[in-house]
Amino acid sequence: MNLSFNEKNQIADNSQLELLRKDFPTINQEINKYPLVYLDSAASSQMPQQVIDEISRYQSQDHSNVHRGIHTLSHRATEVYETSRQNICEFINAKNTNEIIFTSGTTDSINLVANSYCKPKLDPSKKILISHLEHHSNIVPWQLICEQTGASLIVAPIDNNGEIITEQLIDMIDSNVVLVAISHISNALGSVTSLNKIIDAAHQHEVPVLVDGAQAISHMKIDIQALNADFYAFSGHKMLGPTGIGILYGKERLLEDMPPYQGGGDMILEVKFTGTVYNDLPYKFEAGTPNISGAAGLGAAIDYLNQAGMHNIEAHENILLNKMIADLQKVDGVELIGKAENQVAVQSFTIKDIHSHDIGTILDHQGIAIRTGHHCAMPVMEFFGLPGTARASLSIYNNEEDIDRFIKGLDKVIEIFA
Amino acid sequence: MKKNNSENKSLKELYRQLIIHHAKNPLNFGKLSNNSLLSEGINPLCGDKIRIYLKINEADTIENLTFEGTGCAISIASASLMTSTLLNMKKYQANQYALDLISNLNESKSQEGQQPMMDSQEIHALEGVKDFPSRIKCATLSWQTFISALNNNKITTTEK
Ligand SMILES: Cc1ncc(COP(=O)(O)O)c(C=O)c1O
């Protein structure tokens, strides 16, 4: 069977995504003598050959420093870097490329906003609002600047299904809140946040919203203007791209007013000892030589996602998630952790009297990779009174056979502990 | 799916019946009341925490030794074996025993001239972790925490 494409040069329908599996070399290998079943894309996704090839092509043909030289290679490197920025801008439907800042990843993006946007505005009367569902990287940067300024970090509660209680979060917003920082999708539970309501409510109080989009970006179409988020952070390595590269989207108006986060080359127009003139957006926030090959890889990853079609990916992963949930529920002793009404690509679970680490080892032995432990979301685990969970997460390259192998793998776990 | 016997064998070595038994029915599980030394061990990799309670008498003998906490089968079984093995030993003996065990588990299986594993058959069961590098810390956590309790340190981690 060959791939067929629609008029937008996207794969015609989601049933064809199965055919893409062959593009992912890491997926097509044996682990512990079994064909790999990779169910840990929420931690880091695998790269298609097209992305690997583009990184290699860039490194072997176009590499030099960006924005610095008059020679051909420097020009080509700059072109690769800026084309990728343009690509990302279109992918999330930002207004223009001034709003697209290259960072090293979600964590770096959040720290940038914490230090450049929030910190100058904080004092003991001010608050930052997050939720109980956050990844450590959307908790600790806020704790750090609150410690430094005396501001308070306030935390909106979640319910037993693992969803943010939207009304309570909205009730906590007032004019002393400097920023609301919430995840789009929880990495531990897969719950999707009701962003529209939260962003509307925050804007009524003129409070901006940062969305941690690390888990959302490769699973659904993001239209940043429709969403109306003020900042949106994501990482290349969770969207079929390389590690060490990520994006901070910010509304131009907000970014304009923010001081630089780090100082160095590229972020300046003129340096004198009497004072330095900063460069314009987006370069003001990109001090030093950036991760150019990472940007090349991320651009190629976006091309790949575009061609697969985000709506196809969403449909494909939704079918698999529903199957996974249904099959998991049939396994003796399994308890699903996280039962959000709107859940994407992730399911956490426990098995009665078996620690998640043991589940992970026994599955790995059968070539099945899942994540176990606290998933960098210790407050979520504490909420459920658990030291950790086992978590299976999906991506474009997974198929039904993966789910069947995973469920069969769990039988072995239960057998060993019987 | 084809079965791979040697692979299954090492899994059986890791999860021996004895380990599963200790994990399900740990010995010396619980708090010790006053006058005991207390140390907490953390494996930040998985968030597992173990607390060791230790009482040493005037003759420098381990009079009582218990543990509490959550953990995987390996770490609970190891703590159970640790408390039962070290009980009634002299302080210096127990310290050396724990040090030897940790270094033994960290030595690769094939290493020549390796010290024979401890005398006790039961402790031998922990050697199954050697085929699972990511699980060695699960087995050493309680022993490391014991040493830290002996030295009056309140907290230790596997990531040092
Ligand atoms: C929801 C969420 N936020 C933030 C991060 C941090 O991303 P990175 O480690 O790429 O900076 C992750 C990744 O684990 C995540 O899942």
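**Rings, charges and a ligand**

Guide: This is a predicted model. In it, A:Lys121 lies over the face of A:Tyr117, 3.9 Å from the ring centre.

Visitor: What makes A:Lys121 count as lying over the face of A:Tyr117?

Guide: A charge sits over a ring if NZ of Lys is within 6 Å of the ring centre and within 35 degrees of the ring normal. A:Lys121 is at 3.9 Å from the centre of the A:Tyr117 ring. The charged end of A:Lys221 also sits over a ring, that of A:Phe91, 5.6 Å from its centre.

Visitor: Why is the pair of A:Phe349 and A:Phe406 called edge-to-face?

Guide: Rings pair if their centres lie within 6.5 Å, and planes over 60 degrees apart count as edge-to-face. The centres of A:Phe349 and A:Phe406 are 5.8 Å apart and the planes are at 65°, so the pair is edge-to-face.

Visitor: What makes this pair a link between distant parts of the chain?

Guide: A:Phe349 is in strand β14 and A:Phe406 in helix α13, 57 residues apart. Both A:Phe349 and A:Phe406 are buried.

Visitor: How does the shell around the ligand divide?

Guide: Its residues are one nonpolar, eight polar and two charged.

Key. Residues numbered from 1 in each chain as written. Chains lettered and ligands numbered in written order. Predicted model: local features only at pLDDT ≥ 70, side-chain atom pairs only at ≥ 80, totals over all residues. Heavy atoms only, no water. Nonpolar A, V, L, I, M, F, W, Y, C, P; charged D, E, K, R; others polar. Phe/Tyr/Trp six-rings, centres within 6.5 Å; stacked < 30°, edge-to-face > 60°. Helix = DSSP H or I, 4+ residues; strand = E, 2+ residues; numbered from the N terminus. Buried < 20%, exposed > 50% of the residue type's maximum accessible area, 1.4 Å probe, protein only.
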